[in-house]
Structure formats: C-alpha cells, structure tokens
Amino acid sequence: MSIVLSPYWSPDEGIQKLKLEARAKVPAAPGLAPPVFSVKAQLDRTLLQLRSRTSPIEKYTFLAQVKQADVEAFYKLCLEYMPEITPIIYTPTVGDACLQYSKIYRNSEGLFISLKDKGRIGNILRNWPLANEARISVVTDGSRILGLGDLGVNGMPIAVGKLSLYVAGAGIRPSSTLPITLDLGTNNSSNLSDPLYLGLRQRRPSDAEYDAFMDEFITEMGRVYPKVLVQFEDFSTDHAFSYLERFCNSLPLFNDDIQGTGAVVLAGLLSAARLVPIPRNEHRILLFGAGSASVGVAKQLMSFFTIAGMNEEAARSQIWLVDSKGLVYVGREEVADYKMYFARRHYTGLPMKDLAEIVEYVKPTVLPGPSTIAGAFTPKVIRQMSQNTPRPIIFPLSNPVHLSECTFAEALTHSNGTAVFASGSPFGSEIIGGVRREPGQGNNMYIFPGLGLGAILCRAKSVTDSMVQASALGLAGSLSWDERALELVYPRIERIREISAHIAVKVIRAAQKAGVDRSTDLKRMNDTRLLEFVKGKMWNP
C-alpha cells in the first residue's frame, strides 16, 4: 500500500491542508498489466531507470517520485543498494536538492509552520494526516543547511532525507515519520528575490521573537505529539546550542549536528586509536572549525579520555579549538560563550591563525575538521601531522564533497600512506604502495537511526548525554573482525540495520540506567532477548 499526501484547499479555514490517501496494491484487471510482470523485475527495472539519469539531482527527483508512488519499492531499493542510494537521498545530493527546492518542488512531503502561524501552532500540527502514528520528527528552521548557509524553507529536503534514513537504517515505520520545516524568514537575499521561493519573504526576526515562537512550538509538540521523539537539524550555531539546552528536558529531543556528529566522531576515534601505537592519554586533538558541530564534537571527545580513567580537567586539556580567527584561547577577542569551555587558559602568545603554524605548536595526533573550508588541510598541514605521530588521524568532516578539508588521496599522499582517514563526504578507495585502502565515512547515519530507535522503543522521557555516548560506544563496538583486519574506521554501510539494532540496545540500557525509560518491561530482558525484541520491531518493506 502506498501512502500519498495530497494538498487541498479548505474554504472554511482559508488555508491549504493535506489529506491522506491510501492506495492499496490490487492486482490489475486482465489486459491492464503486461502479461509477464513480477515485483523483482520491476525493482530491477526501477534501478535501471535510476542509473539512466545522468546527474545526481535527476536521480534525486526520480527517487522522490518512486517514493511517492510506491513507498515499499523505494525502501527495498534503499536496503538492497544502500551504498548507491544513500548519497542520492541524503548527503551530498540533498544539498543540491535544498538549493533547488523552490524550483523542483512538486508535492508536500512534510509540515510547514511559519512565523505567521504563531498563536495557532497547535492547530497546524494537528493537520498532519498521520498524527496518531507519528513517533519521530526531524525539525529544521533552514538557517544553516549543511555548509550552504541560510536556505529558509528550502531546507525541507534535509528533514525528509533524514527521516528516510531512519526508515532505511533502523526500520522506523514510514508512517511514523514527521518532517517539519519552521519558516521564520530568511536572511538569504537570493531567496528573498526569487519569485519561486516557497517561504516567507522577510528577514529572520529578533531573538526574543524567535524564542517566543520556539517556546510555543515545543509546548504544542508535547501536547499534540506526546509520543514523538524530536531531532533538531541545521539550526544556526547560536540557536542550536541555546534551544538544545532550553528544551532538552521538555520532551525527548536531541540535536544531531551537535550530539550526533560528536558521537560518530567519537566512535571513529575509538576505532582509529586502535591503529596508532601510542597510549590514549598521549593523544592531542585539534578541532579545526568551532561552530556548533565542532564544539559538539569536542564535548563528545572528552569521553575518549574519561572512559580511560582521566578526569574532566585532564581530558579538556588534551583538546584545542581553531575557529575563523585562529587558536581559541582566553583573552582573545571575539570568543563566543559556547567556545569558552575549551579556550586555552595558559596561552600567552600572539594570536595564531595559520593552521600549519598551529599544528606545529600544538603537535596534535588527531585533526578533525567540521569547518566547511575546502582544502584547509594543505599538504604542509598533513606533513606536519605526520611528524607528530606514526599514524596521524585525519578526519575532514565537512560536506558536501566540494567543501571537504582534504581528499582521501591527498591525506594518503602527503602522509606517505600512514594517515588513518575518515571523512564527512564519500570518497573512493585508493591504491598506495600496491595496497588498496578504503576510506571511512563518518556519516551521522551510523548514529541517529539506532539512537532514535532505542529512545522510541524504551519511551525515553529525555535523551541524556549517556544515551548519546552509548550510541558512540555501540558503533565503535560493531566493527566485524574482517573490517578490523582491513583497518576500517567504520563498519560497512550495508550492515546498517544490524549496527542500528546493536546501538539501540546500548541506548536502551543507558536510558534505563539514567532512569528516563518508561517501557519498564524491557528491563526484564537480557541483552540477547532485548536485541531480538529490537530487531522484531524493525519495519521491513
């Protein structure tokens, strides 16, 4: 059965609404279907049609049509061809889909709530046709989409794509997903002057007005959807931190840019550190880029040291931040409050902005880069990293691909093949010294599906830091022996369902330990039984 959302005009309310149309799959009457037809052959045919499209955005729009016409066929393709489909429905192609959204828009796949709806947000939320089935919502305000900036309502494909990965990666039912885009205007002049732009043509409001809107939205989400887990996505840096702190105890909620990114990098570092012949307490981490993702990563990476027995202060002393103005230290001008925890307290030198100079000074063994500055990890930087450690850990985390701090080939070439590499964007394998090397991709998809599934199944009242940490430890522990032998930093994406189930069990146990679980019957299950339970709850097309 296909579930289709069709817009219609409500004359009584004077607004456009959505209605749910369930289209059951019934055998065609004789003569209305080809004499020889099978579901398997139709999937093969669909894949052939997909591959005949020449550009990624054409493939994206084609898959969107498939999803609307036959949701089960869409997710069968996702599961059977995960490495091929994922980069189309999410990064890197989703970035282009967002940029072109107002031009390629055909049908609504989510809920739009604008600043003009303040005072009646609850009524708008109730208009979602599948309200009773909703269990997870990805919410964005479009103010910082990937590395592309303020895209306004054009950020809707981010919410839609993320939820597609929840379904494909963790077996969340498609009918349980709720994409929401909050339209609070845009400061992007290109949007404001675009005659096809689908959002409000006004600049974003003051923080006070923003906060009042968000307060009402979160209050109404709790009332209308008491069983829904909320994931914030691609809010501007300041709002990302402030709203996570403001609402984290109001309902089960997490921010994937801050917590999910941090968890996937922590998992990658735990795996990578096994390949580096130095004690854990001798690692030094230099984070290049100090936005919400970087500071979220830094906070998660504290666990890399604390789970090995170091205290909080000692762990913090092993982490340095670099932002657009250089090394972050106490006393430097223009250091935002959210960065101050990691600001160096004993640095007394001159401001230091050049990354190669900073690498020479700090002597890091680990260089993650969620900066969106293409080519920032220059040959000089990589060579300097190689002097600090036998195997430099280099994680250029930015996406899409054209914003990556370096490529896999560059990291290997300038480290003489010693780099342990993982990126935010996909890269192909490389041959160096006659050996084929495979890059790791630190995709948040490894984390958020299992984290969300675990939180939903245990009916968590909130998403605690310990649950996020558990997701990272679960991912790091999911590498197979074959994958470890190949020195992979992350497991193969084809195993995502198995990985998500493993993470969900860890998350449930962490929720139970924190006392935030409401499905108390799960406590009586041992880990083997709980894993079977989790897998049994996964939807399959």
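Reader: Which residues form one aromatic cluster here?

Author: Tyr210, Phe232, Phe235, Tyr243 and Phe247 do. Bear in mind that this is a predicted model, where local features need pLDDT of at least 70, side-chain atom pairs count only at pLDDT 80 or more, and totals for chains, interfaces and linings use all residues. Residues are numbered from 1 along each chain as its sequence is written, and side-chain values use heavy atoms, with hydrogens and water left out.

Reader: How many aromatic pairs does a search of the whole structure find, and what describes a pair?

Author: The distance of the centres and the angle of the planes describe a pair of aromatic rings. Rings of Phe, Tyr and Trp (its six-membered ring) pair if their centres lie within 6.5 Å; planes under 30 degrees apart are stacked, over 60 edge-to-face, the rest tilted. The whole-structure search gives 17 aromatic pairs. Take Phe74 and Tyr75: 4.8 Å centre to centre, with 80 degrees between the planes, an edge-to-face pair. Tyr101 and Tyr105 have ring centres 5.7 Å apart and planes at 75 degrees, so that pair is edge-to-face.

Reader: Is Tyr101 buried or exposed?

Author: Buried means under 20% relative accessible area, exposed over 50%, partly exposed in between (1.4 Å probe, protein chains only). Tyr101 counts as buried at 8%, while Tyr105 is partly exposed at 28%. Phe74 and Tyr75 are both buried.
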